[in-house]
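Trainee: I have a structure open and want to learn how to read it. Where do we start?

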Amino acid sequence: MSIVKLSPSYKDYLWGGTKLKTNYDKQTEMNPLAESWEISTHPDGPSYINDTNETLAEYIEVKGREVLGSRGQNFSHFPILVKFIDANRDLSIQVHPKDDYALIHENEYGKTEMWYVLEATPEASVYFGVKEDMSRQAYREAIENNTILDVLNKVSVKQGDVIFVEAGTIHAIGAGIVVCEIQQNSNTTYRVYDFNRKDKDGNLRKLHIDQAIEVSNLGKQDTDFKAQGEWRDSHGYRQRTLVTCPYFTTDEVELDSQKQYSLDGKSFEGIVVVEGTLELMTDDIDIKLKKGESAFIDAATQDITVSGKGRYLSIRV
């Protein structure tokens, strides 16, 4: 069993900024830089092993699906995708389908996701679900009349907020926010409204109104954004569960000195450092990770020591 450091793929969507370069040391000539796909086997943006040309998907194929653990192997494809997102401008109002719709119409998983807010300007906010129950006809009319923003919750956010976005929730990350997003392994997005923006070729970006109407949850949404679990103190660190759902479990770990543990055979672990510098060690492995860097740990890896002072996210299934 092993631990490997990962290198991301990048995306230069028009709403991106520069914070992933300046604050997370992402090395790319893309401008703007909107996303870095940190832990990914998705063909639209794979992550790579230790600055090589070997993708994470190829690593798993060579080593065997046992590295995913028994729960990981219950999924037909690698189950998660982890990103950093820098929203210098508002993202489009959008929605993602659930598995049953996406597997039939898009040939991939649906997309339930969570956002861990790393940075937020004082005025930053997100759009999240509808204010009141509404019919599909009223939803369509709001889209066609450009009044969709009026029926959505607009919620202020701050650093450290945890936002769980179940598939079917209408949403958008607002300007001035940087998040780490943990999601199902999917790139299916149905745009509902895009502020009449044009792409680099001068064309309005495509909307997906019919699909969005089919898959959107039009029930009133709870906007009490907080972690699902409480802090658990241990010697050298403390840990809490941010989100647990059928697709992934994400914990936040605040490390003061070190954490020692072993993985059972149930799941791999993804590590994403969001503050400080960490060192991951086993008997024969020593990997250093700084803020903004990620690693993949095979299921059943034994005698792991994480040392340093910082904060990281731990993702399992």
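Mentor: The term means a side-chain nitrogen of Lys or Arg within 4 Å of a carboxyl oxygen of Asp or Glu. This is a predicted model: local features need pLDDT of at least 70, side-chain atom pairs count only at pLDDT 80 or more, and totals for chains, interfaces and linings use all residues. Residues are numbered from 1 along each chain as its sequence is written, and side-chain values use heavy atoms, leaving out hydrogens and water.

Trainee: Which domains does the chain have?

Mentor: Domain bounds come from an automatic or database domain assignment. Here domain 1 is 9-67 + 76-215, and domain 2 is 232-316. Their centres, taken over C-alpha atoms, lie 24 Å apart.

Trainee: How many salt bridges cross the interface of domain 1 and domain 2?

Mentor: The rule finds 2.

Trainee: What is the area buried between domain 1 and domain 2?

Mentor: The size of an interface is often given as the accessible area lost when the parts come together. We use a 1.4 Å probe and sum the loss over both parts. For domain 1 and domain 2 that gives about 2,200 Å², with 71% from carbon and sulfur atoms. Ile39, Val67 and Tyr116 supply 22% of what domain 1 buries against domain 2, more than any other three residues.

Trainee: How many residues of each domain are in contact?

Mentor: Contact means heavy atoms within 4.5 Å. By that rule, 29 residues of domain 1 touch 26 residues of domain 2.

Terms used
Buried area = accessible area lost by both parts, 1.4 Å probe.
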